[in-house]
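Me: I am new to reading protein models and would like a close look at one part of this one. Could you start at the surface patch, then walk me inward and explain what holds the parts next to each other?

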Amino acid sequence: MSFTVLIPARLASTRLPNKPLADIAGLPMVVRVARRAQASEAHRVVVAADHPEIVRACDAHGVEALLTRSDHPTGSDRLAEACETLGLDGHDVVVNVQGDEPLIDPALIDATAAALLVREDCVMSTAAHEMRSPTEFLNPNVVKLVCDAAGRALYFSRAPLPWWRDGYAQGVHTLSQPAPLRHIGIYGYHAGFLRRFPSLPASPLEQIESLEQLRVLWHGERIAVHVSDTAPGPGVDTPEDLERVRALLAR
């Protein structure tokens, strides 16, 4: 299995300043993410940074990094530039690992890449896991998705999805079976599509839900979904998240 992991890293963060450089057990967070990615089957792991400080931190710890423009509106745009800089072929598989996932399972990275490598009808892949909590199901910050019989995404939403008409008539006290799926924010791309993605017009559904992956479905492309048996480790968005991850690693 041959694929490249790209890790977008942006220094500015409103909720956690200098997030990629936050110390976690003696390593900058972006370096810890890269180390997890290096434990996967990826043949290359590259951090796509928006600031020289991130590149210097990666260099200091033997992690490959490249400097991209600082004005990219999304991580996908940053990765598209990285694909060009690295000269990736259009059929090469790229896995986008978020730079704030220091506990990501290398096996999840492999599974996301494999889901795309075996599907010629899809331009992207992603991952999900079964939800167990009604509270999680009702939370608009938790993204849900539904798939077709072939394991391709039909839709992503912040709304409770799918809606069990009869079971939820008196409120959501338990979940339907099969269980609803929670989206995991990891993506595989063919490099050619990733370079093309920023030029696709944003879709109305994407703008309503604030979910960039809906642009792919809107334009008639398909996304393969790997359903994981386990939920991923916590990501880092806030100072509280950072302390939680530090405590987990300390144990």
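**From a surface patch to the core**

Reply: On the surface, M1, L117 and V118 form a nonpolar patch, and together they have about 290 Å² of accessible area. Please keep in mind that this is a predicted model. M1 sits in the segment before strand β1, which covers residues 4-9. With a relative accessibility of 44%, M1 counts as partly exposed.

Now let us go inside. The largest nonpolar core has 42 residues, and those with the most contacts inside it are V5, I7, V47, V97, I109 and I186. Several elements each supply at least two residues of this core, among them β1, α1, β4 (44-49), α4 (106-117) and β10 (181-190). The largest share, six residues, comes from α1.

Seven of its 10 residues (29-38) are buried, so the helix is largely enclosed by the rest of the structure. The buried ones are M29, V30, V31, R32, V33, A34 and A37.

Leaving aside neighbours within four places in sequence, I186 is in contact with V95, N96, V97, I104, L108, I109, T112, S125, T126 and A127. Apart from the core of 42 residues lies another core, of 31 residues, including A82, L145, L181 and L194.

Next, follow strand β4, where A49 lies. A49 has a relative accessible area of 0%, so A49 is buried. Not counting residues up to four places away in sequence, A49 touches A9, I54, V55, L66, L67, T68 and R78. The C-alpha atoms of A49 and E64 are separated by 11 Å, and these two residues are 15 apart along the chain.

E64 brings us to the charged pairs. Side chains of opposite charge can pair when their charged atoms come close. A search of the whole structure finds 16 salt bridges. In one of them, R44 pairs with E64, and the closest N and O atoms are 2.6 Å apart. This pair links distant parts of the chain, with R44 in strand β4 and E64 in the loop between α2 and β5 (65-67), 20 residues apart. R44, at 30% relative accessibility, is partly exposed, and E64 is partly exposed at 33%.

A second pair to find is R195 with E84, whose closest N and O atoms are 3.6 Å apart. Here R195 is in helix α6 (residues 191-196) and E84 in helix α3 (residues 75-86), so distant parts of the chain are linked, 111 residues apart. E136 lies in helix α5 (residues 134-138) and R182 in strand β10, so the pair ties together parts that are 46 residues apart in sequence. At 19% relative accessibility E136 counts as buried, while R182 is partly exposed at 28%. Elsewhere, salt bridges that share partners join R119, D121, D148, R152 and R222 into one network.

One last kind of link is worth checking. A disulfide is a covalent bond between the sulfur atoms of two cysteines. How many disulfides does a search of the whole structure find? The search finds zero. Take C58: the closest cysteine sulfur to its own is in C83, 17 Å away, which is too far for a bond. C58 is also buried, with a relative accessible area of 0%. For C147, the closest cysteine sulfur is in C122, and the 10 Å between the two sulfurs is again too far for a bond. C147 is partly exposed, at 25% relative accessibility.

Conventions: Residues numbered from 1 in each chain as written. Predicted model: local features only at pLDDT ≥ 70, side-chain atom pairs only at ≥ 80, totals over all residues. Heavy atoms only, no water. Buried < 20%, exposed > 50% of the residue type's maximum accessible area, 1.4 Å probe, protein only. Helix = DSSP H or I, 4+ residues; strand = E, 2+ residues; numbered from the N terminus. Disulfide = S-S within 2.5 Å. Patch = residues over 30% accessible without salt bridge, like charges linked within 9 Å, V, L, I, M, F, W, Y side chains within 5 Å. Areas by Shrake-Rupley, 256 points an atom, 1.4 Å probe, with all protein chains shown as cover. Salt bridge = Lys/Arg side-chain N within 4 Å of Asp/Glu carboxyl O. Core = buried A, V, L, I, M, F, W, Y, C linked by side-chain atoms within 4.5 Å. Contact = heavy atoms within 4.5 Å.
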